Amino acid sequence: MRALTEQLRCLVCQNETLADSRADLAEDLRKQIREQMKAGKSDQEILAFLTQRYGDFVLYKPPVKATTYLLWFGPFILLIAGTGVLYRYLKHRLELIQDQPLTAAERKRAAEILRTEV
């Protein structure tokens with residue numbers, strides 16, 4: 001029972017396994033699982049039943065398939081896109097910086113300012 005409920009996600013808490021959750025829905029799902037186990041159903045049959053009823057989201061580690069690509073690869077896509085946006089932003093900012101040496105008049109003025117400040 002414990003091993004099976006650790007493979008399932010609490011539909012209310014979402015970040016907890018069904019085994020760890022104290023939500024009312026989690027209690028109901030654990031009760032359903034116990035009843036199905038008493039009826040002689042295998043773990044695979046119980047997982048199939050819950051997946052059919054609640055979708056792949058109920059599985060704590062959903063399978064990689066066409067409908068779950070975004071779930072599995074979305075964070076990596078966002079990381080790559082964010083890195084690309086940051087790179088372009090920094091490149092643009094670097095282009096705005098104009099590195100020009102000071103003219104003789106500007107150097108003289110800077111030297112005067114430094115002398116009067118000290």
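This is a predicted model: local features need pLDDT of at least 70, side-chain atom pairs count only at pLDDT 80 or more; totals for chains, interfaces and linings use all residues.
Good morning. I begin with a side-chain contact: Lys41 lies over the face of Phe49, at 5.9 Å from the ring centre.

Residues are numbered from 1 along each chain as its sequence is written, and side-chain values use heavy atoms, with hydrogens and water left out.

Let us turn to the overall form. The protein chain has five helices and zero strands, where helices (H or I, at least four residues) and strands (E, at least two) are DSSP runs, numbered from the N terminus. Read from the N terminus, the order of elements is α-α-α-α-α. The C-alpha trace spans about 95 × 35 × 20 Å along its principal axes. The radius of gyration of the protein chain is 30 Å, whereas a compact globule of 118 residues would have one near 13 Å. That radius is taken over C-alpha atoms, and the globule rule is 2.2 Å times the number of residues to the power 0.38.

How much of the protein chain is buried? Of its 118 residues, 21% are buried. Buried means under 20% relative accessible area, exposed means over 50%, and partly exposed lies in between (1.4 Å probe, protein chains only).

Next, helix H4, which covers residues 69-96. H4 has 28 residues and reaches 39 Å from its first C-alpha to its last, close to the 40 Å expected at 1.5 Å a residue. The expected span is 1.5 Å times one less than the number of residues. H4 also has a kink of about 35°, centred on Pro75; the bend at a residue is the angle between axes fitted to the seven residues ending there and the seven starting there. Of the 28 residues of H4, one is buried, so the helix lies largely in the open.

The ring centres of Tyr69 and Phe73 are 5.9 Å apart and their planes stand at 50°, so the pair is tilted. By definition, rings of Phe, Tyr and Trp (its six-membered ring) pair if their centres lie within 6.5 Å; planes under 30 degrees apart count as stacked, over 60 as edge-to-face and the rest as tilted. Why are Tyr69 and Phe73 separated by about one helical turn? Because they are four residues apart in H4. Tyr69 is partly exposed, at 44% relative accessibility, and Phe73 is partly exposed as well, at 38%.

We come now to the cysteines. How many disulfides are there? The count is zero, a disulfide being a pair of cysteine sulfur atoms within 2.5 Å. For Cys10, the nearest cysteine sulfur is that of Cys13, 3.4 Å away, and Cys10 is in no disulfide. Cys13 is likewise in no disulfide, and its nearest cysteine sulfur is that of Cys10. Is Cys10 buried or exposed? Cys10 is buried, with a relative accessible area of 1%, whereas Cys13 is partly exposed at 29%.

Finally, I consider helix H2, residues 24-38, where Gln36 has its place. Gln36 is buried, with a relative accessible area of 11%. Between Gln36 and Phe49 there are 13 residues of sequence separation and 9.9 Å in space, C-alpha to C-alpha. Phe49 is the residue whose ring face has Lys41 over it. Gln32 is also found in H2 and is partly exposed at 23%. Gln32 and Ile46 are 14 residues apart in sequence, with their C-alpha atoms 9.3 Å apart in space.

Thank you for your attention.

Note on methods. A charge sits over a ring if NZ of Lys or CZ of Arg is within 6 Å of the ring centre and within 35 degrees of the ring normal.
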